[in-house]
Amino acid sequence: MDTEEKQLIKQILDGDTRAFKIFIETYRRLVAHIVFRMVANSADREDVCQDVFVKAYQNLHGFQFQSKISTWLARIACNTCLNYLEKRRLPLFDDRALEEMNFVSHNDDPYTEAADSDINRLLRHYIDALPVLFRAIVTLYHLDGMKYEEISQILEIPAGTVKSYLFRARRMLREKLVELEQEVLC
Amino acid sequence: MLTPHLSDDQIQAFLDDTLPSSDKLSIKAHLQSCAECERAVASYQDVFEALDCDENFDLSKNFTRKVLRQTHKQAVGALQFGLLHIFFILAAVIAVSHVLLTYVNIENFAGTAQATSGAFETLVILVRSAFENLGDKIQFDGIYFILAFIGLLGLFVLDRLVLKPHFKTSP
Ligand SMILES: [Zn+2]
């Protein structure tokens, strides 16, 4: 962990509001990536992001500097999202859902194939339909450039499982894409 | 000689750029001669591109301010909670000392305490003398209620006029 990060945390703990502002500005993108991908309801996303930073502020004194601050904060974000989903009794993860992955979008704005044929947007729509743990893994890996080991610490699952889930998620997306391309060709 | 098609995992690892350079070279060579694997790589490239796309993750402009406001509200809340504790401790100390000073016959107590040695005995005498005097002296002490009220009012004023405005302006 670099000394700049340590200094920033020390300043926040000393009650420096400007230091906490820098902290929020630095990590808001990371938190948004996780929350936006894990929480389907767009009306709740910003509140959940806010909760993440408030929790981080409350627990900062207990931060042991044993991991990167981004790893620690990402764990708070993931746990906050999982609590949110559990409270609303939204499905977290089950193997049945994986096998017969149902690509019904959880997104708020209904997507119609006729309205948008852009593959990228279509795929992002499918990403939103992946099981929540897969969504967390692909987000941390692709958007935040995290290694298997870091993701394993964040989600508290073995690094090997992170890798196999990442590959499985991408394979599911690719299969969906191929299916679609074949439909277009027929 | 026909080489076997690339596996799914090989293609993903190739696009992740996590393979040793010798493996990368042989994959590249295979892709040049195999249209099927080339198509598979192309569709995986679309998947990777979508996963790497960092759009639509925008928080509102005043997000930082909202978080700061909330954490400050909590800090004020914690301070008020602390003040409340201090108030109750002070009130308890005042009440106990009031009872002791009013109802315990100090001179009498001092005399007896000198004659005894142990701390426990001293305490027993103290409590006993308090109860002995309680019956004679118990009465409504209006002045203590007024003092308590003024104390509470003081804390309220301190909280509303001094602490709250201070915390409101700091972010
Ligand atoms: Zn091939």
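Is Arg88(A) buried, partly exposed or exposed? Arg88(A) is partly exposed, with a relative accessible area of 44%, and I would like to start from this residue, bearing in mind throughout that what we are looking at is a predicted model.

The side chain of Arg88(A) meets that of Asp44(A) in a salt bridge, with 3.9 Å from N to O. Since Arg88(A) sits in the loop between α4 and α5 (95-99) of chain A, and Asp44(A) in helix α3 (residues 42-59) of that chain, the pair ties together parts that are 44 residues apart in sequence. Asp44(A), for its part, is buried, at a relative accessible area of 18%.

After α4(A) comes Arg89(A), with a positive phi near 55°. Most residues other than glycine have a negative phi, and there are further exceptions to show you. Glu156(A), in the loop between α8 (148-155) and α9 (159-185) of chain A, has a phi of about 55° and is exposed, with a relative accessible area of 59%. In chain B, Asp17(B), which lies in the loop between α1 (8-16) and α2 (21-33), has a phi near 60° and, at 52% relative accessibility, also counts as exposed.

Let me return to charge pairs, of which the structure holds 13 as salt bridges over all chains. One of them crosses between chains, from Arg124(A) in helix α6 (residues 119-127) of chain A to Glu55(B) in the loop between α3 (35-52) and α4 (63-103) of chain B, and its closest N and O atoms are 3.8 Å apart. Here Arg124(A) is buried, at 15% relative accessible area, whereas Glu55(B) is partly exposed, at 45%. There is also a network of salt bridges linking Arg29(A), Asp54(B) and Asp58(B).

Turning to the metal site, the zinc ion has as its protein donors His5(B) through ND1, His30(B) through NE2, and Cys34(B) and Cys37(B) through SG, at 2.1 to 2.3 Å. The arrangement is tetrahedral because the 4 donor atoms subtend angles of 97 to 133°, and along the chain the donors follow the spacing H-x24-H-x3-C-x2-C. His30(B) is buried, at 8%, and Cys34(B) is buried too, at 10% relative accessibility.

Finally, a nonpolar surface patch of about 830 Å² is made by residues including Ile146(B), Phe149(B), Phe156(B) and Leu161(B), and Phe156(B) lies in helix α7 (residues 142-169) of chain B.

Terms used
Residues are numbered from 1 along each chain as its sequence is written. Chains are lettered from A and ligands numbered from 1 in the order in which they are written. This is a predicted model: local features need pLDDT of at least 70, side-chain atom pairs count only at pLDDT 80 or more; totals for chains, interfaces and linings use all residues. Side-chain values use heavy atoms; hydrogens and water are left out. Patches are made of residues with over 30% relative accessible area and no salt bridge: like charges are joined within 9 Å, nonpolar side chains (Val, Leu, Ile, Met, Phe, Trp, Tyr) within 5 Å. Accessible areas come from the Shrake-Rupley method with a 1.4 Å probe; for residues, only the protein chains shown count as cover. A salt bridge is a side-chain nitrogen of Lys or Arg within 4 Å of a carboxyl oxygen of Asp or Glu. Helices (H or I, at least four residues) and strands (E, at least two) are DSSP runs, numbered from the N terminus. Donors are N, O and S atoms within 2.8 Å of the metal (3.2 Å for Na, K and Ca); water is not among the atoms, so sites may look incomplete. Four donors count as tetrahedral if all angles lie between 85 and 135 degrees; four count as square planar and six as octahedral if opposite donors are over 155 degrees apart and all others between 65 and 115; anything else is irregular. Buried means under 20% relative accessible area, exposed over 50%, partly exposed in between (1.4 Å probe, protein chains only).
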